[in-house]
Amino acid sequence: MFTSFEQFAAASMVGSEDAPPRSNGELFFQRLWEGRAFGMAIALSKKGHYEWEEFRQELIASIAEWEAENYQDDPDWDYYERWLLALEKMVLEAKLLTRQELEERTAETSAQIGG
Amino acid sequence: MSERFEYPQDREVYSAAKVKALESLLVEKGIITSETVDKVLNYFEKEMGPFNGAKLVAKAWVDPEFKARLLEDTPSAISEMNFPRGMAGAEGENMEAVENTPTVHNLIVCTLCSCYPWPILGLPPYWYKDPTFRARAIREPRKILQEFGLIFNDDVEIRVWDSSAQIRWFVIPERPAGTEGMSEAQLATLVTPESMMGSAKAKSPSSL
């Protein structure tokens, strides 16, 4: 039995192939957006927009897709890029956002960030 | 997705922009608030993690009576701490502390990592779940410890504990030399997750 959803979510990933990067026992985010993507995925499931296990399966599939197309130890490997792909898929599948509005907003934001 | 972007910096901008777009749209639609996301992150960064175990160990180092209670009835001693709810209950309820001494060194392994007491020890390192590691730790603990840089004389007894759904073990490492006069909070900074698994010693104050 778990007293909090966060605890349940993390425990489900501990020691499995989809476990997040960590350093000295704590979650390890290299960039700001990684933490936001991590928090959003858990928050959405906590609110009941999808089952946590569904997200995990999507993440595992997204990791497997990369592994099928790239060499092991490819320096371009990026855990949170796979995480983000899984999150995007779940958000679209749950019909929380449409692909079009997400792409438009991404393009706008990208233009702001990229200059 | 990534093949559309030739250069890593484009990938970088794209990922950052995609995350911002997701969050701003979800917030505008009232599906989540930014505070919900902050709260999830805060939970992992401030509430549940190896810093909790470090506090227990530091308290045990300065307070022999607390140490005795921690060894005798671990869950009840944990509940004395002002930890967030759920630490001493549900997940922590079968916790069992063992103490490293000059004559006994404890090493923790686990069969099912879903049982890993991460609210206290933090998330386990990758090698921890490796079946080879577990098998070798049970068969030849001295050799494994040597590979971690821990060399023990033959008169030091090595005990290996297998965490399970029934009992989740953690180690109170030995208090390092030269730490007299350090505060509990300072001492806690010497306690690493590995030291509470028995695959390392607590840090020495000179390493800080």
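Analyst: In chain B, the centres of domain 1 and domain 2, taken over C-alpha atoms, are separated by 35 Å. Domain 1 of chain B covers 7-46 and domain 2 covers 50-207, with bounds that come from an automatic or database domain assignment. This is a predicted model, in which local features need pLDDT of at least 70 and side-chain atom pairs count only at pLDDT 80 or more, whereas totals for chains, interfaces and linings use all residues. Residues are numbered from 1 along each chain as its sequence is written, while chains are lettered from A and ligands numbered from 1 in the order in which they are written.

The predictor gives the complex an ipTM of 0.93 and a pTM of 0.81. For chain B the mean pLDDT (the predictor's confidence in each residue, from 0 to 100) is 87, and 88% of its residues reach 70 or more.

Turning to the contact itself, 40 residues come from chain A and 44 residues from chain B, two residues being in contact if their C-beta atoms, placed from the backbone, lie within 7 Å. On the side of chain A that touches chain B, at least two residues each are supplied by helix H1 (5-13), strand E2 (26-27), helix H2 (32-46), helix H4 (79-93) and helix H5 (99-114) of chain A; helices (H or I, at least four residues) and strands (E, at least two) are DSSP runs, numbered from the N terminus. H2(A) gives the most to this side, with nine residues.
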